[in-house]
Amino acid sequence: MHPSLKTLTQQTTLDQLSRRDFLRRAAALGIAAPFAGSLLTSQAFAGTATPQRGGILKAGMQGGESTDSLDPASWTSQVQHSFGQSWGEALTNVSPEGELVPRLAESVDSTADAKTWIFKLRRGVQFHNGQEMTAADVVATLERHSDEDSQSGALGIMRGIESIQATDTYEVTIVTLEPNADLPFLLSDYHLMIQPNGGKDNPAAGIGTGPYKVVEFQPGVRQIAERFEDYWNPDEYGFADQIEIIVINDPTARISALQSGQVHLINRVEPRVVDMVQRLPNIVINNTSGRAQYVFPMHCDTAPFDNNDLRLALKYAINREDMVERILRGYGSVGNDFPINKAYPLFPDDIPQREFDPERANYHYKKSGHSSPIVLRTSDVAFPGAVDAAQLFQQSCAQAGINMEVRREPGDGYWSEVWNKQPFCASYWSGRPTQDQMYSTAYISSADWNDTRFFRDDFDTLAREARGELDQARRAELYRDMAMTVRDEGGLILPMFNDYIEATLSNVGGWSANPMGEMMAGFALSKCWLAS
Amino acid sequence: MNTFVLKLIAQRIALGLLLLLAVSVLIFVGTQLLPGDVAQSILGQSATPEAVANLRRELGLDQPAWLRYFDWLGGILQGDLGTALSNRQDIGSSLWGRVGNTLFLAFWTAIVAVPLAILLGLVAVRYQNRWPDRAISGTTLTAISLPEFFIGYLLIYLFAVKFNWFPSVSTVHSGMSLGERLHAIALPAATLTLVILAHMMRMTRAAILNVMQSPYIETAELKGLGTFRIIARHAFPNAIAPVVNVVMLNLAFLIVGVVVVEVIFVYPGMGQYLIDHVSKRDVPVVQAVGLIFAAVYIGLNMLADIIAIVTNPRLRHPK
């Protein structure tokens, strides 16, 4: 079978492509409609068949280390994220379409000023230790993550909260300092797993309310959980009897483990081998365009990048199409120098795409008056292919008459010594549940990780207004203004959004693309099932 | 055994312990020289000065270095390796399992590789410069010239993906029987065997050939003994010292130098553990693993020297 046809079939089966689009594109490859239609039915079982129970579902994943812990506050790696989603639950989830989905909270209400939020909790939800989940546990969890000394990954989200109170056994009321229409989305953060007494006694005990309970935890090696029999929502989650994550950081070893059937799912297939993997029997490539992005941040307050003409010159001097083609092998999409793409609701889709324009770049470069070489720091750990990407950037800059010097830094210590310290480097960002959170994490003046040193009062005002705005049309307008500001005046060069390329064996059912993150935003293990 | 030999052995052991003590000082000083403050790197960039100060006090970093060294050494002598900074786990309990796994893989590799290497060495000498010798040298030298990861991938491709005889992922865990464990480590052990075989085989061959020039071998030949008997009974015992030296070096490699193989086969040994913690600047773990590695090297070298002393005919039969 033509490899592209196989991809098309898979995409259609996974609802990433409509049936009509499939037939049209198959026709373009020279395949008659009846044959293409039969292909669709032969491959379609994975998406449509009813889930089956039983078996041990195993994932081979990159992104786990022997320094990992079960304490949700400390999670940073992909493996912790995916494993955590199987045994823990947050108050809310965000659907692949970006809508709010209730999880432990049954419903959410707010006052008109979007400052007071009332979460009604689901009744009869059990923790793995047999205790029932009540408002006290939710309050304790949120308190633990908002403690300034907690070192929690969700601390940034929790800072805007004024008070958290249990107003009933099954009701929690949260008051924010400022209006925040996104609060229920923010509480879907994977650090905010509800634990008995908030995990204040033993945060790393691995006790949650999720469909699986932890059986074995060997950081950086393997983690096993078995189905929790008293789980409240067995129709949607938890089909396999047992799930297992084996940490396989070597890409070749990951593919061979999948090929030999030792694991059923793997993450991070390298773009350069996708075509080869696609030809293997019994393996399905799942390609998800998400919110993750490969970027080159510049410090707006540091010479020479404190000059907007120079920033614009560099933005026009990067060849985005070429970079997507060469670095991502086409598995991605071009960026437009603001950190939001169409995977977000309220994405401003009418902003013109910035193109590679050496003449315009040269014009702004001359106007900036800068002439000595511009130093760009890069490293393999910044993102896969970051060194090559920097060199491509250097070449396209040369075409615009800009002298760029690429400096390769060691991977060890890159995130502590180079990123967010040096004025211009390669980096990446994963997506956030909402536009507001993306901007609040890295672009407002008080952001924890303001890695472009973008300090603009007018931008902060826009962000604060959008956060409190419940009228969606007005909100979309505000987001467009914010995007334009970052795009034309900010320090971010965003050439591309990368796809998540993942693979499953063909007997894995229930896979669906989720742009929120890798491995179906961490839900793959609790939502997929094994066909017998 | 006579007192002279015993005295030599005692001296050697004392020297080894002294060396280990010196290495412990070096490791401690080395990790103190690492750039960056541990407390700062744990708490990250948004840490307040008070939080850093609190953590420094909690970790004992406000104490003078020599006091912390003796604290650390005292803990280790009592079997307490300390607590990992990154995930607050007890280093001992997470490390001993890893040490066990590493030793398990090294042990079974050695069980296969060492006798095989010595046997091949003997055969190579017996058929010196004829086709068996050339075949053995050729294949082992090819294997040692290929990078470890390549041999590993090759074996995975053949025996895991093509024939599906052995697993490509060698994760071992406590619930496994010995048979299951051996099945799981078949491919990494085979990879390591191919990696270390040539070195030991070549040394055995060279050492025996060296002895074969001696007059007493000529005597044995004149007595009419068979070639293989001469090599095994008369030449090999006198070549033990250099052979043991190279065997010990390879054993040390099996314990401290197999990170690449661990990564490819997802084997939960010490190498990966060390690397993860180095990149997180988790100094207590780095110190503990460093000390264990040093002890392995010093211990195996000491053992090689002792075997050399014991098997030295001139010491065993003093004039």
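**Note on the cavities and the A–B interface**

1. The largest cavity in this predicted model has a volume of about 150 Å³. A cavity here is a set of points, on a 1 Å grid over the protein atoms alone, where a 1.4 Å probe fits but cannot get out. Points are joined across faces, edges and corners, and the volume is the space filled by probe spheres set on them. Searching the whole structure gives two cavities of 30 Å³ or more.

2. Some conventions before going on. The model being predicted, local features need pLDDT of at least 70 and side-chain atom pairs count only at pLDDT 80 or more, while totals for chains, interfaces and linings use all residues. Residues are numbered from 1 along each chain as its sequence is written, chains are lettered from A in the order in which they are written, and side-chain values use heavy atoms, with hydrogens and water left out.

3. Back to the largest cavity: 17 residues line it, and those nearest its centre are A:Gly220, A:Val247, B:Val266, B:Tyr267 and B:Gln272. Lining residues have an atom within 4 Å of a point. From chain B, helix H13 (259-265) and helix H14 (270-279) each supply at least two lining residues; helices are DSSP runs (H or I, at least four residues), numbered from the N terminus. The lining splits into seven nonpolar, six polar and four charged residues, with Gly counted as polar.

4. The second largest cavity, of about 30 Å³, has a lining that includes A:Trp75, A:Phe83, A:Trp87 and A:Phe217. Helix H5 (residues 78-87) of chain A gives the largest share, four residues. This lining has five nonpolar and four polar residues, and no charged ones.

5. Now the interface. Chain B and chain A each put 28 residues into the contact, meaning heavy atoms within 4.5 Å. About 2300 Å² is buried between the chains, 50% of it from carbon and sulfur atoms; this is the accessible area (1.4 Å probe) lost on putting the two parts together, summed over both.

6. Which elements of chain B give two or more residues to the side that touches chain A? They are helix H7 (148-162), H13 and H14. H14(B) gives the most, with six residues. By class, this side of chain B has 13 nonpolar, eleven polar and four charged residues.

7. For specific pairs, zero salt bridges are counted between chain B and chain A (a side-chain nitrogen of Lys or Arg within 4 Å of a carboxyl oxygen of Asp or Glu). Seven residue pairs, both at pLDDT 80 or more, are in polar contact (N or O atoms within 3.5 Å, one able to donate a hydrogen and the other to accept it).

Conventions:
1 Å grid on protein atoms, 1.4 Å probe; cavity = no way out; pocket = protein on both sides within 12 Å on 5 of 7 lines; lining within 4 Å. Polar contact = N/O pair within 3.5 Å; in protein donor to acceptor, adjacent residues only side chain to side chain.
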